[in-house]
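Dear colleague,

I am passing on the structure we discussed, and you will find the sequence and the model just below. My notes on what I found follow after that.

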Amino acid sequence: MKWQEYIYSNPEILRGKPVVKGTRLSVEFILSLYEKGWSEETIKQNYPSLSHEALKGVFMYVRECMELETIFDTQKS
């Protein structure tokens, strides 16, 4: 499975934020649901167009971004 099968970006949709294909649900929004304590089942109940694979694609996309980008320094000064 490749995240590219589930995540894409289009400047015409949400100003180019990465979204799950076929939706207007951004990766950022989905991550915020997890941050609020939503389970995968709750997300899928509220957004039935999302599959387990699409949600997995969100995390695969974020993981790859983390590998390629600079990580914020988390040490307290």
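**Tyr6 and its surroundings**

If neighbours within four places in sequence are set aside, the residues in contact with Tyr6 are Met1, Val19, Val20, Lys21, Ser51, Glu53 and Ala54. Please bear in mind that this is a predicted model.

**Helix 1 and what it packs against**

Helix 1, which covers residues 27-35, and helix 3, which covers residues 52-68, have axes that come within 10 Å of each other and cross at roughly 105°. Since angles of 65 to 115 degrees count as roughly perpendicular, helix 1 and helix 3 are therefore roughly perpendicular to each other. On the side of helix 1 the contact is made by Val27, Ile30, Leu31 and Tyr34, while helix 3 contributes Leu55, Val58, Phe59, Tyr61 and Val62. Sorted by class, this contact consists of nine nonpolar residues, with no polar and no charged ones.

After helix 1 comes Gly37, which has a positive phi, near 100°.

How values were computed
Residues are numbered from 1 along each chain as its sequence is written. This is a predicted model: local features need pLDDT of at least 70, side-chain atom pairs count only at pLDDT 80 or more; totals for chains, interfaces and linings use all residues. Side-chain values use heavy atoms; hydrogens and water are left out. Axes are lines fitted to C-alpha atoms, for helices over the stretch in contact, and angles run from 0 to 180 degrees between N-to-C directions. Helices (H or I, at least four residues) and strands (E, at least two) are DSSP runs, numbered from the N terminus. Angles under 35 degrees count as roughly parallel, over 145 as roughly antiparallel, 65 to 115 as roughly perpendicular and the rest as oblique. Contact means heavy atoms within 4.5 Å. Ala, Val, Leu, Ile, Met, Phe, Trp, Tyr, Cys and Pro count as nonpolar, Asp, Glu, Lys and Arg as charged, and the others, Gly among them, as polar.
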